[in-house]
Amino acid sequence: MKASKFYFKTRKEVSQDEAAISAVLLTKANFIEKLTSGVYNFLPLGLRVIRKIEQIIREEMEAIGGQEILMALLNPRKNWEQTGRWDTFNALFKVQSKYGSWFALAPTHEEVITPMVKNFIHSYKDLPLYLFHISDKFRDEPRSKSGILRGREFIMKDLYSFHQDEKDLEKYYNRVKKAYQRIFRRCGLNALVVESSGGTFSRFSHEFQVVTPAGEDLFYHCRSCNLYRNKEIIKNTKKCPQCGGPLKELRGSEVGNIFKLKDKYSQSFDLKFRDKNGESKNVMMGCYGIGISRLLGVIVEANHDANGIIWPPEVAPFEYHLMGLLKGAKKEDEAIKRQVESLYEKMLKRGIEVFYDDRENVSSGEKLVEADLLGLPYRIIISEKSLKNHSFELKERKSQKVKMIKLKDFDKIIKGR
RNA sequence: CGGGGUGUAGUGCAGCGGUCUAACACGCAGCGUUCGGGACGCUGAAAUCGUGGGUUCAAAUCCCACCACCCCGACCA
């Protein structure tokens, strides 16, 4: 991609109102743009990262048998009344058609998927079943905050599993837990698995927490027995409930959660199956969420420095940032431009994701500063200096380490992902 | 939903009853010089001061209402 044609304009300043560093950097670097409180537009750079995260999630969901579906966001009131959540779900967005009927904007999808699979699940032979869905979610938050970390409209992946019995649910629950750890690792995050309260329908559930000062959740860690547990379920204690050791309080942002729903929603919608003995039983369910747009923010919270973002390679919008630094002397500049163009063409041909800053009216200093702000993993520079040595400069964003590499070795070194 | 705060060119902000014909910086347009860490000079365009009402000889500035945004708390499948 050539920068001169690309929809992005970085900003030097953002409102001092914005407290979350992820929102500041993503706005300055033009990945996202706020429409209104808790509602954001994703610009080309931001969307590329979202797509990368989604791709990782798709791969890991499919690896544990998940099949992707896309459910409707406009939900009839009836479904939400059937579970009682039309009145009890605090953050439910309700909209009325001008012809009178009411709808919910989906904040989660149990109310849609459970009646949906009734048309599929009749027998134990139809189980287990794993379906996942990636789309926007709506929650009428009383207070959205921290930019993209807690919004009223956000992107989420949810996976729903259907089982014959609790034992099978338990088994799959643990597989999902492992898949989630792989997902977050691939996103460049160290996500801690924290025991949490499952609300009214499950005694235990787990959330995946990334430690950051911008997070909203408090949880405890016991060093001696390695317990992680949400503060919500440990009341008035400074000692580990498991081994008596001292507890350390941590603050984090919840990037994912997994719940054993058991038969709560099967009961509401009368989702049953015949077992081997011809007996009718409730289907056991699990649900598993990942906040994708929140992940975008948390990745930045966890990966930045004073100059900007430092994208973990697998989720970077592009892998390479390519530029030529002009000298002002016509002859040399022509040579530099020719060399950069040829590298760009070569990288494109080989399918390498490269962001080429070909803008002619932008100074070298500005290009360099912007490169750090955007935070692509590697920067390739051609300059008068490098050309004299028949070389190019390769710099890693994360370590700031620079290598001069001979142009003839380009193909050996630059391989793409 | 309680408490606190803020709304002024595209962006970030100054001004807080008369000196406002609303300042500064960034950005934008034009011309020229630049080009290894957000270059410089000159010229120029761009604001019915969030909305509505009120007080006053006079309102961006004071008062009331509404709207929007931010922060703390409550809330958070």
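**Fold and RNA-facing surface of chain A**

In chain A, 67% of the contacts with a separation of 6 or more join residues 24 or more positions apart. Two residues are in contact if their C-beta atoms, placed from the backbone, lie within 7 Å. The model is predicted: local features need pLDDT of at least 70, side-chain atom pairs count only at pLDDT 80 or more, and totals for chains, interfaces and linings use all residues. Residues are numbered from 1 along each chain as its sequence is written, while chains are lettered from A and ligands numbered from 1 in the order in which they are written.

Chain A has 12 helices and 23 strands. These are DSSP runs numbered from the N terminus (helices H or I, at least four residues; strands E, at least two). The C-alpha atoms fill a box of roughly 85 × 60 × 45 Å along the principal axes. Of the 417 residues, 39% are buried. Buried means 20 or more other C-beta atoms within 10 Å of the residue's own; exposed means 12 or fewer, and partly exposed lies in between, with C-beta atoms placed from the backbone. Helix α8 (residues 292–302) is largely enclosed by the rest of the structure, because 11 of its 11 residues are buried.

An open sheet of five strands runs in the order β20-β19-β21-β22-β23, with mixed pairing. β20 (354–357) and β23 (402–406) are the edge strands; each has a single partner, so one side of each lacks a neighbour in the sheet. The twist averages 25 degrees from one strand to the next. Strands pair if DSSP finds at least two bridges between them. β19 and β20 pair in the parallel sense over four bridges. Met323 has Asp357 of β20 as its bridge partner. Helix α9 (residues 330–349) lies across β19, β20 and β21 (378–382), at about 155 degrees to β19. Axes are lines fitted to C-alpha atoms, for helices over the stretch in contact, and angles run from 0 to 180 degrees between N-to-C directions.

Glu319 sits in the loop between β18 (308–309) and β19 (320–324). Glu319 counts as partly exposed because it has 19 C-beta neighbours inside 10 Å. Beyond four places in sequence, its contacts include Pro313, Ile352 and Gly416. The C-alpha atoms of Glu319 and Gly416 are 7.4 Å apart, although 97 residues separate them along the chain.

RNA strand B is surrounded by 45 residues, the closest being Gln16, Ser37, Gly328, Gly365 and Ser383. A residue is near the strand if its C-beta atom, placed from the backbone, lies within 6 Å of it. The largest share of this surface, eight residues, comes from α10.
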